[in-house]
Amino acid sequence: MKFLSLYLFLSTLLLGNIADIPTDEAIKVKGKFSKNKKCVRCHLDIYKEFKHSKHRNSNILNNPAHKAMWENNPLSKEQKYVCAKCHAPAAENIDELINGTKQIESEDKSIDDGISCALCHRISDIHATDKGDKYVVSDTKRVYYGTRESKQRSDYHKIKTDNPIYKNGDVCLTCHTQHKKQKLLIDKQDSSKYCVFSKVDANVTKVSQNTKEENCITCHMPQVSGSFTDRFNSKTHAYHGFTALSKKMKNAEKYIDISLEKQDKSFEITIDNKMSHDLILHPTRIFKLKIYLNDKVVKTITFQKESQDKEYKPFSWLKEEIKYKNNILAKSKRTIEVDITLKPEDKVRAVLGYHVFNPKLAEKIGLEDKKSLEYKILINKKF
Ligand code: HEC
Ligand code: HEC
Ligand code: HEC
Ligand code: HEC
Ligand code: HEC
């Protein structure tokens with residue numbers, strides 16, 4: 001009898017241990033990422049940049065533009081926060097937020113942390129599908145991917161530097177290829193299903209477009225001065241404010257060239273998009289090119305995201321009529337002709353600027369956020 005109970009006791013222990021082996025389900029439900037605040041004491045510069053970035057302020061708790069779009073999306077009536085997958089990926093109860101069984105609580109740090117430090121640094125792989133690529137998150141906590149050779153071990157976490165996606169930029173594609181195929185943008189049964197109409201150009205989604213020399217990271221996370229950790233000195237660190245539109249890219253003319261050519265009775269302004277992606281990626285943006293002759297505007301061209309397919313329109317539930325036909329595709333040029341004969345003393349200026357959020361669309365959804373609506377100048381070129 002004694003032996004039997006010992007046997008039973010041991011086998012429950014053993015079974016208990018077997019039950020500890022993570023199941024597929026347990027791996028799927030990640031959660032429990034270290035909070036951003038934990039990184040402050042050893043990565044202050046990076047933390048400060050990140051705090052005001054779009055990756056931190058990415059959801060209904062901290063991004064007014066996102067909140068307004070969400071509240072106007074029919075899915076919000078069912079409280080199914082499908083946006084969480086990309087906009088609140090570190091949420092502890094992400095599955096319940098998505099299927100609508102739990103609501104978002106305003107004090108939930110795991111959501112307010114946005115696309116958090118620990119989440120992004122635990123993305124181990126990219127899982128490519130037709131509907132868009134997905135991230136695979138490693139299930140080991142406090143082991144972060146990086147790119148630097150180790151100098152001094154961190155007593156808070158381990159580092160792995162053998163993952164190429166942190167060098168070639170593929171880690172970014174895991175959220176930035178919202179929908180690869182136009183026809184998958186909108187649910188056939190319910191045309192209101194998606195937030196984002198985002199035909200990410202095939203050129204972007206082709207992983208090969210990200211090269212070691214030039215990729216999402218080299219352009220959007222350039223090395224800037226300041227140490228990457230407070231534990232020892234490095235001259236520079238990768239910028240974690242993520243420059244683009246919300247944090248203006250100061251050297252954009254390196255990637256978008258504007259040139260002038262005189263003709264007999266006219267002149268031409270050419271925009272050369274040298275980037276590996278289209279000028280406009282998200283349909284909420286609006287770009288304007290203003291051509292000045294002696295400080296007077298002689299021509300304005302508006303650029304918006306185009307849809308190749310008339311059937312699938314962004315924001316269909318808003319019944320918004322926007323003409324989608326004027327984007328400048330990756331690695332391509334657009335020439336604008338102005339029918340004016342230039343005199344030698346004439347001064348021409350081309351100004352390319354944008355609104356992060358199209359004011360017309362903002363009015364429709366009741367968004368008054370100044371930061372999203374203001375007009376910003378990206379390139380101001382004098383000839
Ligand atoms: C598959 C990933 C994914 C999902 C799901 C997703 N988004 Fe996004 N969203 C993105 C990415 C990536 C960007 C940034 C794109 C850019 O800047 O070009 C973005 C940008 C936005 C923006 C512009 C933000 C700004 O500050 O200008 C809004 C608004 C937005 N999303 C709303 C939503 C809403 C509402 C939902 C859910 C109904 C949602 N998104 C679901 C990936 C996603
Ligand atoms: C106790 C101090 C400390 C804390 C807290 C800390 N780190 Fe670190 N971290 C370091 C040190 C030191 C290094 C450099 C290690 C080396 O050179 O091997 C480092 C390196 C890194 C790297 C690797 C850089 C590279 O390219 O190899 C990443 C990524 C990183 N930390 C992320 C984080 C994140 C995310 C957090 C918060 C969740 C965090 N760290 C919290 C001390 C810390
Ligand atoms: C876990 C998902 C995810 C990953 C991984 C990710 N992003 Fe994002 N990114 C987003 C979302 C969502 C937004 C929009 C947030 C918002 O404004 O609501 C965004 C916004 C941005 C913006 C801001 C655009 C603007 O308004 O100026 C840039 C730039 C950007 N991402 C670049 C990158 C780069 C570079 C990487 C790779 C190092 C990356 N992202 C990885 C989800 C992601
Ligand atoms: C050659 C440099 C370069 C490369 C490579 C590059 N970008 Fe950009 N990106 C820019 C510039 C410049 C802008 C600002 C002008 C614009 O929006 O077109 C920008 C804008 C963006 C925006 C905001 C655009 C919008 O309409 O919302 C996002 C998001 C973004 N990039 C993500 C990425 C991702 C993800 C990758 C990698 C697949 C990438 N970028 C590769 C230069 C680059
Ligand atoms: C959207 C993804 C993303 C987020 C969010 C993010 N990082 Fe990073 N981080 C990267 C990538 C990619 C690199 C590699 C850059 C390189 O090698 O040029 C990097 C590099 C680093 C490095 C090494 C810096 C260097 O110059 O080599 C540290 C340390 C780090 N991150 C810490 C953090 C901390 C702390 C946070 C939050 C405050 C954070 N990261 C948020 C993607 C991210």
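Modeller: Buried means under 20% relative accessible area, exposed means over 50%, and partly exposed lies in between, with a 1.4 Å probe and protein chains only. The model is predicted: local features need pLDDT of at least 70, side-chain atom pairs count only at pLDDT 80 or more, and totals for chains, interfaces and linings use all residues. Residues are numbered from 1 along each chain as its sequence is written, chains are lettered from A and ligands numbered from 1 in the order in which they are written, and side-chain values use heavy atoms, with hydrogens and water left out.

Biologist: Is leucine 367 buried or exposed?

Modeller: Leucine 367 is in the loop between α13 (359-365) and α14 (370-373). Helices (H or I, at least four residues) and strands (E, at least two) are DSSP runs, numbered from the N terminus. The relative accessibility of leucine 367 is 7%, so this residue counts as buried.

Biologist: What distance separates the C-alpha atoms of leucine 367 and methionine 69?

Modeller: With contact taken as heavy atoms within 4.5 Å, and neighbours within four places in sequence left aside, leucine 367 touches Pro64, Ala65 and Ala68, among others. Methionine 69 is 298 residues away from leucine 367 along the chain. Their C-alpha atoms are separated by 8.5 Å.

Biologist: Which residue is the protein donor of the iron atom of ligand 1?

Modeller: Donors are N, O and S atoms within 2.8 Å of the metal (3.2 Å for Na, K and Ca); water is not among the atoms, so sites may look incomplete. The iron atom of ligand 1 has a single protein donor, an NE2 atom at 2.1 Å. The residue lies in helix α5 (residues 84-87) and is His87.

Biologist: What arrangement do the six donor atoms make around the iron atom of ligand 5?

Modeller: The protein donors are the NE2 atoms of His121 and His240, 2.0 to 2.1 Å from the iron. Six donors count as octahedral if opposite donors are over 155 degrees apart and all others between 65 and 115; four count as square planar on those limits or as tetrahedral if all angles lie between 85 and 135 degrees, and anything else is irregular. Here the angles run from 89 to 179 degrees, so the arrangement is octahedral.

Biologist: How many residues apart in sequence are the parts tied together by histidine 121 and histidine 240?

Modeller: Histidine 121 is partly exposed at 27% relative accessibility, whereas histidine 240 is buried at 14%. Histidine 121 belongs to the loop between α8 (117-120) and β1 (123-127), and histidine 240 to the loop between β6 (236-238) and β7, so the separation in sequence is 119 residues.

Biologist: Which two residues are the protein donors of the iron atom of ligand 4?

Modeller: The protein donors are NE2 atoms at 2.0 Å. One residue is in helix α12 (residues 216-220) and the other in the loop between β8 and β9. They are His220 and His277.

Biologist: Why is one side of β7 left without a neighbour in the sheet?

Modeller: Strands pair if DSSP finds at least two bridges between them, and the open sheet has the order β7-β8-β11 with antiparallel pairing. β7 (256-262) stands at an edge, as does β11 (332-338), so each has a single partner strand. For β7, joined over seven bridges, that partner is β8 (residues 267-273).

Biologist: Which residue of β8 stands opposite isoleucine 258?

Modeller: β7 and β8 pair in the antiparallel sense. The residue opposite isoleucine 258 is isoleucine 271.

Biologist: Which residues of the largest nonpolar core touch the most other members?

Modeller: A nonpolar core is a set of buried Ala, Val, Leu, Ile, Met, Phe, Trp, Tyr and Cys residues joined through side-chain atoms within 4.5 Å. This one has 30 residues, and β9 (286-293) and β10 (296-303) are among the strands supplying at least two each. The residues touching the most other members are Phe287, Leu289, Phe303 and Leu352.

Biologist: What is the bridge partner of leucine 289 in β10?

Modeller: β9 and β10 run antiparallel and are joined by seven bridges. In β10, the partner of leucine 289 is isoleucine 301.

Biologist: What phi does aspartate 295 have?

Modeller: Aspartate 295 is in the loop between β9 and β10 and is exposed, at 60% relative accessible area. Most residues other than glycine have a negative phi. Aspartate 295 is not a glycine, yet its phi is positive, at about 70 degrees.
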